[in-house]
There are 2 protein chains.
Amino acid sequence: MAGDQVSNKQVILRDFVEGFPKESDMYIATGTVRLDVPEGSTAVLVKNLYLSCDPYMRNRMSNLVGSYIESFKPGSPISGYGVCKVIDSGHPKFKKGDLVWGMTGWEEYSLITAPETLFKIEHTDVPLSYYTGLLGMAGMTAYAGFFKVCFPKKGETVFISAASGAVGQLVGQFAKLTGCYVIGSAGSKEKVDLLKNKFKFDDAFNYKEEPDLNAALKRYFPDGIDIYFENVGGKMLDAVLLNMKVHGRIAACGMISQYNLKQHEAVHNLIQIVVKQIRMEGFIVFGYYSQYPEYLEMVLPQIREGKIAYVEDISEGLESGPAALIGLFSGKNIGKQVVAVARE
Amino acid sequence: MAGDQVSNKQVILRDFVEGFPKESDMYIATGTVRLDVPEGSTAVLVKNLYLSCDPYMRNRMSNLVGSYIESFKPGSPISGYGVCKVIDSGHPKFKKGDLVWGMTGWEEYSLITAPETLFKIEHTDVPLSYYTGLLGMAGMTAYAGFFKVCFPKKGETVFISAASGAVGQLVGQFAKLTGCYVIGSAGSKEKVDLLKNKFKFDDAFNYKEEPDLNAALKRYFPDGIDIYFENVGGKMLDAVLLNMKVHGRIAACGMISQYNLKQHEAVHNLIQIVVKQIRMEGFIVFGYYSQYPEYLEMVLPQIREGKIAYVEDISEGLESGPAALIGLFSGKNIGKQVVAVARE
């Protein structure tokens, strides 16, 4: 079948997005693709199996200047992390049949011209889709942000916002395994139940039902917060600052509540950073991928022993991609949002 | 003279202050004091020579709860850093005639009941008043904040707000000695001239004459800021965040623009902390005093060789204390504000 020309469905960005993205900001088109890599190229041609929906993708829908990542190109397929099967390879590191994860296109088949960025999947006794999250970017983000930015100690108190998301649910479980006291916030009863019952957080609350976030945090952390894993920004950060302990640490992983706002929400309580000698550190997972083997070594046994719970929200078919991605920003997904393009 | 009862002028806080403090929030009273320490006590009785006016003292004028430092007590003399001469001592570490610096009262004579917190002054070939700033708390603050929080490298770009203040002027000079490119902001032409001509900053600007702080910073730092030494907070911090480089560091030393505001100014651009992987760290000098000998070893030769310029604004007499302290918050002082209580 290599060398054949086949049809290739794609998710195309219509134009740069301002404000809250809509499903109609993307459309499905069908092109064609040859199932081999060009003669002499070191590219690989992959079949996309699972695509990952991640909050940072919102940024790429805008016309970014001087960002750490490139904008999507209007009229072209969007891209993101995915799990793929190699169909043809011009690169010595990859051969036909290899399973990989990394940056790929939102389409059925992708020609990846910088295959050095792909990770080969060596362990297939766990669900392949996990490599879009738990065993991929989200997992490394949780690992790096919690252990390498926050330096947690047993007995410390940890608060996680957007805690049922792909990263938050893992941070919470890593924190429990470290011996920390862990509270998460999320935006629905269902998610709160998940945090308490499935992910075994010490407690969790629905921030939409708390008229006074400061009071809520005081209730859950009467002695204050040592570590805040920041996924949302804005009002929640402001309330957290009032409740941090001296020498507290804030890992700023994302600020999803702010991505769609033209004028970002105000934060008024930064003086707490001085008064309490707080360290707040933004981090991006790219700088930590060299530690991926170390992460796998820690997490694979825990997955196999059932010590890590992981919830995925899998939507079927590439056509469902735009809705799945948009749903992320209104908190529609329960657990890690994945798009299944093909099962093999 | 020890054992005699003498009169003791004091600066008394009338009541807790809300909003901008006024001279009339303090008053001068005259009590009496015995010039010896009580039998069996380990206290020391000192004569206060120079008192230091520092921004953090504003916080102590309010009724603080759960702060890193205690409130002043209405009806009692305020306290702060000062240079003192030991008149009588019940503590084995100190003897009559010793010169010391540390926390003392705003009065002519103070009985210091925790003399372990005092530093003995060993080097008197430099002006004694320097131990209220350059060789005291402000100097240690600049040293710790710049070197131990920011980890500067030669060639990096450094921005300092409130740069002509006691701490800012030193950070700028330490940065120049490290081989950094240094810009400072201040609130008057006179202060800007001082930064450029006296402290040898690469450049400086008057923030009050810049309608668009973001544009001003872009002009001075076309390639961005590696290190921001934060003394003011609010609008300046918001503009700085837009101009930080990737992996930039912000040492949050104080936020003087915010101390007198009931509702702190909004900061909208914290998303930059994530996007640019910025580390923002609040610090308080108390945790670094163990490194004071190391600091003296670095800075004393530089002072003797004339490599460090230092400007003091000395007001004469304890009675001038309230005005000098209040002036700090409207930026009246040029350089380090000191109150000379007695010359010897």
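Me: How many aromatic pairs are there over all chains?

Reply: The count is 40 aromatic pairs over all chains. Rings of Phe, Tyr and Trp (its six-membered ring) pair if their centres lie within 6.5 Å; planes under 30 degrees apart are stacked, over 60 edge-to-face, and the rest tilted. This is a predicted model, in which local features need pLDDT of at least 70, side-chain atom pairs count only at pLDDT 80 or more, and totals for chains, interfaces and linings use all residues. Side-chain values use heavy atoms, with hydrogens and water left out.

Me: Why is the pair of A:Tyr81 and A:Trp101 called tilted?

Reply: The planes of A:Tyr81 and A:Trp101 are at 45 degrees, with 5.9 Å centre to centre, and the pair is tilted. A:Tyr81 belongs to strand β4 (residues 79–89) of chain A and A:Trp101 to strand β5 (residues 99–105) of chain A, so the pair ties together parts 20 residues apart in sequence. Strands are DSSP runs of E, at least two residues, numbered from the N terminus.

Me: What makes A:Tyr81 buried?

Reply: Its relative accessible area is 6%, and buried means under 20% (1.4 Å probe, protein chains only). A:Trp101, at 0% relative accessibility, is buried as well.

Me: Why is the pair of B:Phe159 and B:Phe221 edge-to-face?

Reply: The planes of B:Phe159 and B:Phe221 are at 75 degrees and the ring centres 6.0 Å apart, so the pair is edge-to-face.

Me: How do you know that B:Phe221 is buried?

Reply: B:Phe221 has 3% relative accessibility, and therefore counts as buried. B:Phe159 is buried at 0%.

Notes. Residues numbered from 1 in each chain as written. Chains lettered and ligands numbered in written order. Helix = DSSP H or I, 4+ residues; strand = E, 2+ residues; numbered from the N terminus. Buried < 20%, exposed > 50% of the residue type's maximum accessible area, 1.4 Å probe, protein only.
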